[in-house]
Amino acid sequence: MGFRNVAQVAAAYEKGRFSYCSFRKVPSQGTAAGNWVDLTMAAGNPVPQYYASSPLEAAVLNGDKGIFHGDEKSPYTKFIHNFGIVTPSIGFLGQFTIMDYLLYYPFVDGDSLDIQPFINDVTLPRFTDGEGVYVMAVASAPTLGGGSFTFDYIDHAGNSKTSPVISCNTTAANIATLITSQQATVAGGLPFLPLAEGSRGVRRITGVTNISAIGGLFALVLVKPLFDTAIREVSTMTEINFVNLRPILPKVEDGAYLGMICNCSATVAGGLLTGYANFIWGND
Amino acid sequence: MGWSSQDALVNDITVNGQYMRRDIAKITSPVHTAGGWHSLFGSAGSPNATTFPSAQDLVFQSCSELGGDAASTTLLGIQNGGVIAGTKHILNIGANLVAAAGAPWQAKLVDLQGYHRMATTNVTGTGSRVLINSNTFTASSSSGLLLTYTNDFNTFSKVRFTTNNTLPTGLSLNTDYWLVRVSSTTARVATSLSNAIAGTVISFTDAGIGTHTVTMQMPRYQDGVGCEAFFVSQTAPTAGGPNLSASSYTNTAGTASRSFQGSPTMGVAADSYATRILHSGNAAGRYGPFLPRQGGDTGIKSIESFTWSGGTAYTGSGVVALCIARPLCDIAIPMSGMWSERDLVNQLPSLPEVKNGACLGWLLFSTGATTNNSPFTTAIDFGWSIT
């Protein structure tokens, strides 16, 4: 259950149906300006994760170890109500996309030109039909620069598809960098990977093939974007009150692993990012 | 329909789940000229790029969310949730562009109604190009009422029928129908877009009497109210830059022989590259992103013809599309990497309606020359109310 009106949103606080979480990230990985970087791999709180599990086997992240939003609320429904984010570091000036991390395939070999089939013993835990689920490629060991790949997947409608050929950053991408996000490169600059014709999302990935060597190791991560925000100057908190400052209330599914990616304006290494989120859940 | 209060909106989003977000990513290529507008429908990324295909030049190709472009299967529009029994609105938009140069930018979201594609002599010629918006047809039986005509019309085209005697049973005058394309010269007919998507078509009873005509309609705006037109280059001509010396269109009121104003110049080869809106730019005679309509007109129902002459005729084998689109909303991107947002409920309470079947895409204006291969990312929040 959600909220039938604005009064019920306000009443959630009176009734104790809210939770609060702060976060603080201090990345050590260097990134290039204009690239997207996955902050779930950055040190701090929540604890970092490194897409470390059995290679090429689908795996999920523990929702309690992302931006903490509390326990399961079913049959009620949980939403993000307020979100604030601030930095003293110029590297963090830019866009942030807050997402539910659904499923990942770790340790794709960036050098192999053979098909690398994935094992799908685990399926999407949320948004199970794949509608609106995007894919991003995150370096878990630095790439060499250059290279391209394609991947086979089952789309939102259950159809087997092959992605277009996707070019990677032409310069080496450090750990945590989205390897397709370098600006001013052919077919680059994209946080999310382009899908084949007619696909509105991805249900699972069945394999990946490097067309030319990328180097390093990377993970393919299935995510559901929830909302975006931006830090436009240092030491000034950007705050969103959903409903009043943004006419949506992003829904947080039970078990969701919340994290974010950043389109950084300079390296985020040594930078500091902090913020908070308020969560509320539905009516009696 | 829509929402009568913010309470109703909150209820629909949080209780009924009538909310959807779409992420879009396009890559600007080649360099966008300073002061120019560009259509990102033809740019690589997501959704896939269109090449404005058409089996035959000059034939109106109606565009929809699910219909692809012409006879191909490329879905060129931003997917927005399909047909709903109510109204769908844009709640919020965000946009970002990361480029070494070119800022600030303006982005305009449009609903592409359709286009007339041109190549070879239709690009290089100086005579009048007569555009095709209608065909005569015969009716027969083939798993329903089957129309047979000359040109290749896109599936899910909205049409109306006229006759000099009696239409086939099941078809009426002054009534909208939707085509379900069968081949390059045949289609079945549905009574609604939903039926067309579902393949529910009108049965065959008889072929009618006399000569019948099928005429393309603007698919989502009756008589083209609020619709605008622009020329966009998909493949650059080799050289040249003619002027739009004559044109004829029918306005929303049904008045024919209206003409675009100002003799817009189409620009020379240096800025006639792929995705460029040809008549935009800084010099005299440039208008962007849309062709100036004749005074008092509130929309474009159809375009019948145009003539490029004066200036310098195009040479080479370019591909150009004359597009008709309905603008929905705008957002400014003041600097590289600056995620911009427009809250269309609280900040600019316009809640642009997204019609069923809308073929959404972005037009982009560059103040400076925008660096090649720059990523343009946007997100759109949709909400809808059920009737």
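B:F52 sits in the loop that links β3 and β4 of chain B. Here helices (H or I, at least four residues) and strands (E, at least two) are DSSP runs, numbered from the N terminus. The structure is a predicted model, in which local features need pLDDT of at least 70 and side-chain atom pairs count only at pLDDT 80 or more, while totals for chains, interfaces and linings use all residues. Residues are numbered from 1 along each chain as its sequence is written, and chains are lettered from A and ligands numbered from 1 in the order in which they are written.

What makes the backbone at B:F52 worth a look? Although B:F52 is not a glycine, it has a positive phi of about 50 degrees. B:F52 counts as buried because it has 28 C-beta neighbours inside 10 Å. The term "buried" asks for 20 or more other C-beta atoms within 10 Å of a residue's own; a residue with 12 or fewer is exposed, one in between is partly exposed, and the C-beta atoms are placed from the backbone. B:T275 is also a residue other than glycine with a positive phi, near 80 degrees. B:T275 belongs to the loop between β15 and β16 of chain B, and B:T275 is buried, with 24 other C-beta atoms within 10 Å.

In chain B, the bond from B:S29 to B:P30 is cis, with omega near -5 degrees, and B:P30 is part of the loop between β1 and β2 (37–39). In chain A, the bond from A:N45 to A:P46 is cis, with omega near 5 degrees, and A:P46 is in the loop between β3 (44–45) and β4.

Turning to chain A as a whole, the chain has one helix and 16 strands. Its radius of gyration is 19 Å, close to the 19 Å that the globule rule gives for 284 residues, so chain A is as compact as a globular protein of that length. This radius is taken over C-alpha atoms, and the globule rule is 2.2 Å times the number of residues to the power 0.38. Along its principal axes, the C-alpha trace of chain A spans about 60 × 45 × 30 Å. Of the 284 residues of chain A, 54% count as buried.

Strand pairing gives chain A an open sheet of five strands, in the order β2-β15-β5-β12-β7 and with antiparallel pairing; two strands pair if DSSP finds at least two bridges between them. β2 (36–38) and β7 (134–141) of chain A stand at the edges with a single partner strand each, so one side of each is left without a neighbour in the sheet. From one strand to the next, the twist averages 45 degrees, where axes are lines fitted to C-alpha atoms (for helices, over the stretch in contact) and angles run from 0 to 180 degrees between N-to-C directions. Within this sheet, 13 bridges join the antiparallel strands β5 (residues 94–109) and β12 (residues 217–231) of chain A. In β12(A), A:F227 stands opposite A:I98.

Chain B has an open sheet of three strands, ordered β7-β16-β15, with antiparallel pairing. Which strands are the edge strands? They are β7 (128–130) and β15 (239–251) of chain B, each of which pairs on one side only. The twist in this sheet averages 25 degrees from one strand to the next. β15(B) and β16 (residues 300–315) of chain B run antiparallel and are joined by 11 bridges. B:A239 has B:T315 as its bridge partner in β16(B).

Finally, how do the two chains meet? 43 residues of chain B are in contact with 42 residues of chain A, a contact being two residues whose C-beta atoms, placed from the backbone, lie within 7 Å. The elements giving two or more residues to the side of chain B that touches chain A are α1, β1, β3 (45–46), β5 (86–97) and β21 of chain B. With seven residues, α1(B) gives the most to that side. The buried residues of α1 (residues 6–14) of chain B are B:L9, B:V10, B:N11, B:D12, B:I13 and B:T14. Their cover includes α1 (6–14) and β4 (78–86) of chain A, together with β1 (19–28) and β21 (374–386) of chain B.
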